[in-house]
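Reader: I am new to this structure and would like to go through it step by step. Could you show it to me, please?

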Amino acid sequence: MNGRRWAVVAVLLLVVVAAATLARQGRNAKPLPGQTLRALGTQRGILVGTAVRGDVLKGNRAYRQLVAQQFSTVTPENEMKWYATEPSRGKFDFGPGDAIVAAAQGAGQAIRGHTLVWYSQLPPWVDGLDRADLAAAMREHIQRMVGHYAGRVGVWDVVNEAITDGGALRRSVFLRRLGPGYIATAFRLAHAADPKAKLYINEIGAESIGPKSDRLLAVVRGLKAAGVPIDGVGFQMHSNLAGVPADFVANAQRFEALGLDVAITEADVGLKLPVTPAQLTAQAAVYTTIVRDCLKVKCVALTFWGFTDGRSWISETEPGMGGADLLDAALRPKPAFGAVQQALAGG
Ligand code: XIL
């Protein structure tokens, strides 16, 4: 072969390698049919959001484009949790959170900071602290986190999952060492670090009226009475085909009557595997109710806990369950996606 032929072969090889690399990185997202969720949300006066994963946001263009197109608010799924941001005491790593914030700002999105004080996903060193040390560590963690993101993260889940299903205060390390006052302290510290940020208490499985939500209401009432700066309550809304509790609207309205904002913060609808077409239809109906109920209570935001079955904590952590999100693993819309669009449009 002469030199010229070699050059042609080399160029062809390069083209093939480049094409394969692009394909592996994920092509451009196929535009989803109809209006975007964020545009539909804007028309109804609510933010529509998703939890995002920093590594996927960075590495997968199709995922990144969908996040930017479809959502007006994002919540870092894990990157702002205590274990991720302060793995050893006083040594903060804001990098992964900062990357998500930068991407969100580029896409004109609001950011929900998640979460400051939670019993789970704590770095191991927190558990070994005595009362005075834990009080100091919590103070430093809140001050540094909220201070670092002041002006960029507009909403914080200050305290997450503080109540048990039975309606008691959860015996977290914070309750055991600091007593029930840790909740008020956390809110006061967050407010001092960024007086403009909206501060939420966020809860799982408190959608219906019952011991858990009653206790949450009592806690919030106590905070308000004591002049603690709390702005809202987040209902996570992790769901399945049992559907949304019929009294969710009435429940949420009890909190609004105290002067609080309400947001749905982590909605998804887990299915039993293997997923059938009938389940997908039923799932779409549950998503419709979630959207309609959110609109009924004039929620300020509706955030899904991920938007694709390919990147879902349900598939990853609940054995036998999956298929919880609006798009399938190949980023194609499921019936639930159209249902959410339609419900946002007022249908
Ligand atoms: C989950 C994440 O989605 C998982 O990736 C992680 O392994 C565990 O935490 N309630 C919350 C969220 O407030 O932070 C949890 O997120 C899901 C339940």
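**Overall form and local details**

Author: This is a predicted model. A compact globule of 347 residues would have a radius of gyration near 20 Å, and the protein has 22 Å, which agrees.

Reader: What box do the C-alpha atoms fill?

Author: Taken along the principal axes, the box is roughly 85 × 50 × 35 Å.

Reader: How many helices and strands are there?

Author: The secondary structure comprises 14 helices and 10 strands.

Reader: And what share of the residues is buried?

Author: Buried residues account for 50% of the 347 residues. The accessible surface is about 15000 Å², and 57% of that surface belongs to carbon and sulfur atoms.

Reader: Among contacts between residues at least 6 apart in sequence, what share joins residues at least 24 apart?

Author: That share is 78%.

Reader: Let us turn to the helices. How do α7 and α9 cross?

Author: Helix α7 covers residues 131-149 and helix α9 covers residues 182-193; their axes come within 8 Å and cross at roughly 35°. The crossing of α7 and α9 is right-handed.

Reader: Which residues make that contact?

Author: Helix α7 contributes M138, R139, I142, Q143, V146 and G147, while α9 contributes Y182, T185, A186, L189, A190 and A193. By class, the contact of α7 with α9 has eight nonpolar, three polar and one charged residues.

Reader: Where is P274?

Author: P274 sits in the loop between β8 (261-272) and α12 (277-296).

Reader: What about phi of M237?

Author: Phi of M237 is near 65°, a positive value in a residue other than glycine. M237 is in the loop between β6 (232-235) and β7 (238-240).

Reader: Is M237 buried or exposed?

Author: M237 counts as buried because its relative accessibility is 1%, and the cut-off for buried is under 20%.

Reader: And K298, buried or exposed?

Author: K298 is exposed, since its relative accessible area is 68% and exposed means over 50%. K298 lies in the loop between α12 and β9 (301-304). K298 has a positive phi of about 55°, although it is not a glycine.

Methods:
Residues are numbered from 1 along each chain as its sequence is written. This is a predicted model: local features need pLDDT of at least 70, side-chain atom pairs count only at pLDDT 80 or more; totals for chains, interfaces and linings use all residues. Side-chain values use heavy atoms; hydrogens and water are left out. Axes are lines fitted to C-alpha atoms, for helices over the stretch in contact, and angles run from 0 to 180 degrees between N-to-C directions. Helices (H or I, at least four residues) and strands (E, at least two) are DSSP runs, numbered from the N terminus. A crossing is left-handed if the near helix is turned anticlockwise from the far one by less than a right angle, and right-handed if clockwise. Contact means heavy atoms within 4.5 Å. Ala, Val, Leu, Ile, Met, Phe, Trp, Tyr, Cys and Pro count as nonpolar, Asp, Glu, Lys and Arg as charged, and the others, Gly among them, as polar. The radius of gyration is taken over C-alpha atoms; the globule rule is 2.2 Å times the number of residues to the power 0.38. Buried means under 20% relative accessible area, exposed over 50%, partly exposed in between (1.4 Å probe, protein chains only). Accessible areas come from the Shrake-Rupley method with a 1.4 Å probe; for residues, only the protein chains shown count as cover.
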